[in-house]
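This report goes through selected features of one protein chain. The sequence and the structure come next, and the text follows them.

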Amino acid sequence: MKQKAVCIWMTGISGAGKTTIAGHLKNDIAHKLKIPIYVLDGDIIRKGLCNDLTFNKKDRLENNRRIAEVSRILVNAGVTTIVAFISPLKKSREFARNLFAQGEFFEVFIDTPLAIAEARDVKGLYKAARAGKIREFTGISSPYECPDFAECRIDTTACTPQEAAEIIFKRIYNK
């Protein structure tokens, strides 16, 4: 293979656009580089690999630990991995970063204001959290710790998901 596998770790609040941007980025990478690529989406992982976990702090850390380990396995196997995961705690993202060699991990902060994420709330999660039906909801009753340093920050108020994917692709691959 011509390209070294990497982990592209997208973090941001619920409704930020991580999954949508990840889909565009996956298509861009597959089309332009023709390398193996896989998307690990937080909602899907929660229904399978991590369905035994709650949303308390201890379980959030374990949820992120599991996804980081799976990502490392995939990268070691030569598969570029896009992680679309809220991953609200800096500690979890640092753990993930430390599993990878220099140049294998790219943190991408999908920066979306809470009001915009709430307006996009197709699943009704923010409404339920505001009504007290969902406890420990990131951004409402549980904190989201913005990255101090990320290789890329995407302001979703300034670009479309496809444009965001192009920005990330250029930042990582210099193309």
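C152 is buried, with a relative accessible area of 2%; buried means under 20% relative accessible area, exposed over 50%, and partly exposed in between, with a 1.4 Å probe and protein chains only. The model is predicted, so local features need pLDDT of at least 70, side-chain atom pairs count only at pLDDT 80 or more, and totals for chains, interfaces and linings use all residues. Residues are numbered from 1 along each chain as its sequence is written, and side-chain values use heavy atoms, with hydrogens and water left out.

C152 takes part in no disulfide, and the nearest cysteine sulfur, that of C159, is 9.0 Å away. A disulfide is a pair of cysteine sulfur atoms within 2.5 Å, and a search of the whole structure finds 0 of them. For C50, the closest cysteine sulfur belongs to C7 and is 15 Å away, which is too far for a bond. C50 is also buried, at a relative accessible area of 0%.

**Confidence**

pLDDT is the predictor's confidence in each residue, from 0 to 100. Its mean over the protein is 92, and 98% of the residues reach 70 or more. Among the elements, β1 has the highest mean pLDDT (98), and helix α2 (residues 42-47) has the lowest (87). Helices (H or I, at least four residues) and strands (E, at least two) are DSSP runs, numbered from the N terminus.

Two strands pair if DSSP finds at least two bridges between them. Strand β1 (residues 7-11) pairs with β3 in the parallel sense over 4 bridges. Strand β2 (residues 37-41) also pairs with β3 in the parallel sense, over 5 bridges. I82 of β3 is the bridge partner of I8 and of V39.

**Largest pocket**

On a 1 Å grid over the protein atoms alone, a pocket is an open set of points where a 1.4 Å probe fits, with protein on both sides within 12 Å along at least five of seven lines; lining residues have an atom within 4 Å of a point. Grid points are joined across faces, edges and corners, and a volume is the space filled by probe spheres set on the points. The largest pocket holds about 930 Å³. It is lined by 37 residues, of which S14, D43, I86, K123 and L125 are the closest to its centre. Elements giving two or more residues to this lining are α1 (18-33), α2, α3 (57-76) and α6 (125-130). The lining divides into 15 nonpolar, 11 polar and 11 charged residues. Here Ala, Val, Leu, Ile, Met, Phe, Trp, Tyr, Cys and Pro count as nonpolar, Asp, Glu, Lys and Arg as charged, and the others, Gly among them, as polar.

**Loop residues**

| Residue | Relative accessibility |
|---|---|
| K34 | 64%, exposed |
| E136 | 29%, partly exposed |
| L49 | 44%, partly exposed |

K34 sits in the loop between α1 and β2, and its phi is near 55 degrees, a positive value in a residue other than glycine. E136, in the loop between α6 and β5 (152-155), has a positive phi of about 55 degrees although it is not a glycine. Most residues other than glycine have a negative phi. L49 lies in the loop between α2 and α3. The C-alpha atoms of L49 and C146 are separated by 26 Å, and the two residues are 97 residues apart along the chain.
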